[in-house]
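Let me look things up one at a time and write down what I find.

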Amino acid sequence: MRFRTFKKGVYLPGNKERTASLPVEVLPLPRQVVLPLRQHIGAPAEPVVAVGDEVLTGQKIAEAKGKVSLPLHASISGKVVAIEPRPHVSGELVPAIVIESDGTERMAPELHAPPRLEELSAEQLKELMQEAGLAGMGGAAFPTHVKYDPPPGKKIEYILLNGAECEPYLTCDHRLMVERADDIILGLMAMLKAGQATKGLIGVEVNKPDALAALEKAATGLPIEVLPLKVKYPQGEEKMLIYAATGRVVPAGALPIEVGVVVNNVATAAAFGEYLRTGKPLISRLVTVTGAGIKSPKNLEVRLGTLLEDVLNYCGGFTDAPGRIILGGPMTGPAQYRLDLPVMKGTSGIVVQTRAEVEKPDYGPCIRCGKCVDVCPYNALPNYFGLYAEHDRLAEVEKYGIFDCRECGSCTYVCPSRRPLLQLIKDAKRKIMASRKTG
Amino acid sequence: MLETEVVVSASPHIRQGVTTERIMWMVVISLLPAVFASITFFGGRALLIILCSVFSAVLTEAAVEILLKRPVTVKDGSAAVTGLLLALTLPPTVPLILPVLGAAFAIAIGKQIFGGLGFNPLNPALIGRAFLLASWPDLMTTWKWPAASLTWLESQADAVAGATVLGLIKEGTTVQLPFLQMFLGNMSGSLGETSALALLVGGLFLLAYQIIDWRIPVGYLGTVILMALLVGENPLLQLLAGGLILGAFFMATDYVTTPVTPKGRLIFGIGCGLLTMLIRKYGGFPEGVGYSILLMNVATPLLDRWTIPKRFGEVKANG
Ligand code: SF4
Ligand code: SF4
């Protein structure tokens, strides 16, 4: 059988068997959480609590600042012990609210389920999305509600949920779809209403038959189509997913709304569904902790702000001296060197590789094998990006369309000469942007 | 905090297993059937020629790199491939100094002068061959028929012992063509070009492992067949005689000197086919594979530029 997909791309070893069939475990309440005010793209949230304040689980502790921003909620109950810059995934220090647990779970009294979906208008639903603190949970962490205001003249036709989970190792979306299909479908129905869209689509790679079945069942009788997708990377990359699901091509530099589509992660839809059902805002998420470097790999429900070390300890720690610690999947996730980083809205996994798995960074010249060209889903010539970027010939890389590259890393994965193409591409883009700003 | 050091590097953090080194050794493996065929038909001397060429190529690569204080890269196998390919294009009668000099020239002038692997514009093995052909034209065109094929040769009144089939045809000699013999390789010609069977086995191996792109051999061989039909030559003869199959699968597919774009590769193959047939039919030499590929190598940067693929969702600037 042929499944929907996009052109080119790579077949990656999935490495999902460690955790694919492990039900989600709830990580015990951490003693402390660090909640960065910048967990989403856009303006950082503004604290509405002060050091010393007692806070309850789910209580709003920071307000959204403007339209493209999100509020932040206490993920545990306890005392605010600091509001100060703390280490952040970006490598910078970012202001964060630090809460020390009171050892129990006291829920904020204001948390109650909003009215039923039928009684809510599109406008209200969009407000609720923001109220719930929803950000893209696939990694990008873009505030969800912003996507639901199409520019004038554009209409949302499809809401497309991304359940591809094409990154190797990660299985938290898989488990979510199996275990919480109802929340996903409820969230999607609410999203359809919020966007006044006609149809919901859910794309899932066919290596997750149980997830497909669970979603099919939950979506029976609803205007939702569950689409089995070929297992290929980067199947879950937004524009590739749209192409696979609808056959539509989003122009370079444009947003999905250009072709009438809004894409959200299945986890975002589930979080929305849960909020509508219970009134609980986004204060926890599923995280896959895995890799050969982890003693007992798990799918965990983790309170936002929990530090990596607490998560790793619960999983038995490292098997041996770790070689590399990756936040997110191994294709796009950043490698980290400290464990006092918090789990955030966009943190989908912690993958620990052993030392033996980490290749030496040596690389050779481009032998023009064309493998990178054969796999680039954007049909770019990554070898030329690499060659020109290496010598800072920025005009050439731009001419070859470097800004059409969506940084999936496929080219780098296949390069037999081990050239760090994606890194060169990112550096070149940064340099071009910097020169545009000053120039 | 972490007590041990971890690696912080840019994503992606996983790589596929195939490395440059592995590709080069796979090419060597794919040429082994041709090597065996050459030893079968031309005896131990074939092996000597091959060894001289390979060792000379590897040693030259190391020597030049040491001299220029570059990292020594003989481990990547590319020099060995060049040496092997060059040897397979030589007649079995050449004195052993020829493969030694040819391989040294191929590596030093054909490759290292430009900066080593990845930077040479022309196929180094073919540069080596062109150098030998220009310097010792007689030695390079003295052919020998394998002992087992002599019955056929003797049955042909007009055939000359020192020629190849293509040479005989070029001279206007009428011979009855022994296609099966040609397919197996029991024929006069260069060491590695005679056995189409051995070359096809190796070529299919490279295709199966996706080491080479089908577009080049298919474009090349397809064009030769079409052209042969157009100009009234026997297409089977054109395919089996001379270095065409060796060239189409192993020389025209050299990564460094051929286009990286799919369309570019197809055009490259077609171009090689056209040039080969033009040279064979109208040129001064009986064989044109080597020169055709070298000429197309020259066009490679242009082909790359002309065939830049349209990117997914590409929006024309100012458009
Ligand atoms: S060039 Fe960009 S889009 Fe293309 S494969 Fe490389 S990282 Fe992916
Ligand atoms: S995969 Fe690597 S070696 Fe091959 S063409 Fe691309 S950059 Fe060059």
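**Entry 1: where the chains meet.** I began with contacts between the two chains, and 63 residues of chain A touch 44 residues of chain B. I am reading a predicted model here, so I keep that in mind throughout. Next I looked up the buried area: chain A and chain B bury about 4,300 Å² between them. Carbon and sulfur atoms account for 60% of that area.

Entry 2: How many salt bridges cross the interface of chain A and chain B? I found three. I picked out one to look at: the side chains of B:Arg265 and A:Asp374 form a salt bridge, with N to O at 3.7 Å.

**Entry 3: what chain A brings.** Which elements of chain A each supply at least two residues to the side that touches chain B? My list has the helices α5 (238-246), α8 (371-375), α9 (382-390), α11 (410-414) and α12 (421-438), together with the strands β15 (322-327) and β16 (335-336). β15(A) gives the most, with five residues. Sorting the residues on this side of chain A by class, I wrote down 35 nonpolar, 13 polar and 15 charged.

**Entry 4: two helices in chain B.** I then moved to a helix pair. Two packed helices are described by the angle between their axes and the distance between the axes. Is the crossing of α2(B) and α3(B) left-handed or right-handed? I have it down as right-handed. On the α2(B) side, the residues that meet α3(B) include B:Ile49, B:Val54 and B:Val58. On the α3(B) side, B:Ala80, B:Leu84 and B:Leu88 are among them. By class, this contact has eleven nonpolar, three polar and one charged residues.

Entry 5: Where did I find cis peptide bonds? One joins A:Tyr233 and A:Pro234, with omega about -5 degrees. A:Pro234 sits in the loop between β11 (224-229) and α5 of chain A. Another joins B:Ser11 and B:Pro12, also with omega about -5 degrees, and B:Pro12 belongs to the segment before α1 (20-42) of chain B. I noted A:Lys8 too: it is not a glycine, yet its phi is positive, about 65 degrees. A:Lys8 is in the segment before β1 (25-26) of chain A.

**Entry 6: one residue and its neighbours.** My last stop was B:Phe41, in helix α1 of chain B. What does B:Phe41 touch, leaving out residues up to four places away in sequence? I listed B:Pro146, B:Leu184, B:Gly185 and B:Asn186. B:Phe41 and B:Leu184 are 143 residues apart along the chain, while their C-alpha atoms are separated by 9.9 Å.

Notes:
Residues are numbered from 1 along each chain as its sequence is written. Chains are lettered from A and ligands numbered from 1 in the order in which they are written. This is a predicted model: local features need pLDDT of at least 70, side-chain atom pairs count only at pLDDT 80 or more; totals for chains, interfaces and linings use all residues. Side-chain values use heavy atoms; hydrogens and water are left out. Contact means heavy atoms within 4.5 Å. Buried area is the accessible area (1.4 Å probe) that two parts lose on being put together, summed over both. A salt bridge is a side-chain nitrogen of Lys or Arg within 4 Å of a carboxyl oxygen of Asp or Glu. Helices (H or I, at least four residues) and strands (E, at least two) are DSSP runs, numbered from the N terminus. Ala, Val, Leu, Ile, Met, Phe, Trp, Tyr, Cys and Pro count as nonpolar, Asp, Glu, Lys and Arg as charged, and the others, Gly among them, as polar. A crossing is left-handed if the near helix is turned anticlockwise from the far one by less than a right angle, and right-handed if clockwise.
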